[in-house]
Amino acid sequence: MKILCLDTDSRLAMSVANQLNCDVLKPEQRCFPDGEHYLRLVENINSEDVFLFSSLHQPDHKILPLIFMANFLREEGARRIILVTPYLPYMRQDIQFHPGEIVTSRYFSALISNAVDGLITVDPHLHRYHSLDEIYSIPSCVIHATSVIANWIRNSIDAPIIIGPDEESSQWAEDVAKAAGCPVAILKKTRYGDRDVRIQWDDLTAYRQHQPVLIDDIISTGKTVIETANLMVAEGLKAPVVIGVHAVLAEGAQQELDQATLKDWLTCNTIPHSSNGIDVSVEITAAIRTFILKEDV
Ligand code: R5P
């Protein structure tokens with residue numbers, strides 16, 4: 001097998017490769033003056049499985065090099081090409097709210113399914129889809145960050161209460177609370193726009209002595225967690241620790257999060273960022289081992 005990394009920041013791929021006792025191939029990549037991509041891989045691929053790391057945060061300029069590389073690897077004789085994208089984009093556009101809107105999750109999944117033979121990812125945003133199999137036609141392995149998040153909470157927080165800001169977050173928040181052995185509350189959110197959300201408060205005054213830990217899969221504009229934190233503090237709860245799986249972080253989000261009434265905020269290393277405090281490399285390594293062992297995936 002080979003690990004090949006298309007990302008500029010290859011720390012996660014290196015950590016996984018160390019655990020698998022193999023090297024990371026880094027193709028030469030640059031852009032021509034006209035903006036088109038140049039790629040070169042000199043190492044031989046001898047009918048091996050290739051685990052292609054490409055963290056698809058900000059996907060639009062990463063998808064073409066990924067498809068070029070996958071086509072090249074296939075021509076070079078790769079046995080199977082497995083995409084390892086710790087953050088899977090285009091999952092939130094999963095329904096047509098207004099006539100004419102394009103449900104991009106379906107077209108994006110078709111692009112990936114045509115390019116590679118399998119997919120490993122961490123906590124994809126499954127809201128109206130219940131499984132990746134509904135849109136991806138290739139085998140996929142979904143890793144959950146819940147146990148590493150629960151470990152972090154057990155080791156770092158006294159008397160935690162887990163808060164999920166909206167109904168979708170219950171799938172992470174409830175599992176984390178169960179694994180960490182602490183109470184959980186799921187709130188309700190209404191979204192009015194890209195940067196406009198309102199959270200409906202539940203009476204949590206019984207938990208004023210607890211340390212709230214606010215958990216969400218994606219922190220993009222940060223509005224969801226900031227709005228929830230403001231409400232908590234206004235209701236007399238402690239300022240929460242915020243944990244996001246994916247540091248998507250839209251423009252301005254980091255500054256707003258740093259200035260918000262939060263005790264702290266951190267993320268998993270699915271998207272490289274200075275807030276990465278929880279490591280998912282062991283889980284990704286295990287998923288790769290599963291793919292290697294299974295001949296039918
Ligand atoms: C969607 O509902 C997700 O679970 C997150 O709550 C959402 O993506 C967060 O977005 P933002 O940080 O822009 O509020």
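For the residue classes used below, Ala, Val, Leu, Ile, Met, Phe, Trp, Tyr, Cys and Pro count as nonpolar, Asp, Glu, Lys and Arg as charged, and the others, Gly among them, as polar. The model is predicted: local features need pLDDT of at least 70 and side-chain atom pairs pLDDT 80 or more, whereas totals for chains, interfaces and linings use all residues. Residues are numbered from 1 along each chain as its sequence is written, and side-chain values use heavy atoms, with hydrogens and water left out.

**Exercise 1.** Describe the largest pocket and the composition of its lining.

Step 1. A pocket is an open set of points on a 1 Å grid over the protein atoms alone, where a 1.4 Å probe fits, with protein on both sides within 12 Å along at least five of seven lines; lining residues have an atom within 4 Å of a point.

Step 2. The largest pocket contains about 1,400 Å³ of space. Its lining has 42 residues, and Arg92, Gln93, His125, Arg191 and Asp194 are the closest to the centre.

Step 3. By class, this lining comprises 16 nonpolar, ten polar and 16 charged residues.

Step 4. Helices (H or I, at least four residues) and strands (E, at least two) are DSSP runs, numbered from the N terminus. Strand E11 (188-193), strand E13 (211-218) and helix H6 (223-234) each contribute at least two lining residues; the largest share, four residues, is that of E11.

**Exercise 2.** Which element gives the largest share of the lining of the second largest pocket?

Step 1. The second largest pocket holds about 350 Å³ of space. Among its 19 lining residues, Leu6, Asp7, Thr8, Gln29 and Lys62 are the closest to its centre.

Step 2. Two or more lining residues come from each of strand E3 (28-31), strand E4 (37-40) and helix H2 (63-75). The largest share, three residues, belongs to E3.

Step 3. The lining consists of seven nonpolar, seven polar and five charged residues.

**Exercise 3.** How many disulfides does the structure hold?

Step 1. A disulfide is a pair of cysteine sulfur atoms within 2.5 Å. The structure holds zero disulfides.

Step 2. For cysteine 141, the nearest cysteine sulfur, that of cysteine 268, is 16 Å away. For cysteine 268, the nearest is that of cysteine 182, also at 16 Å.

Methods. Points joined across faces, edges and corners; volume = space filled by probe spheres on them.
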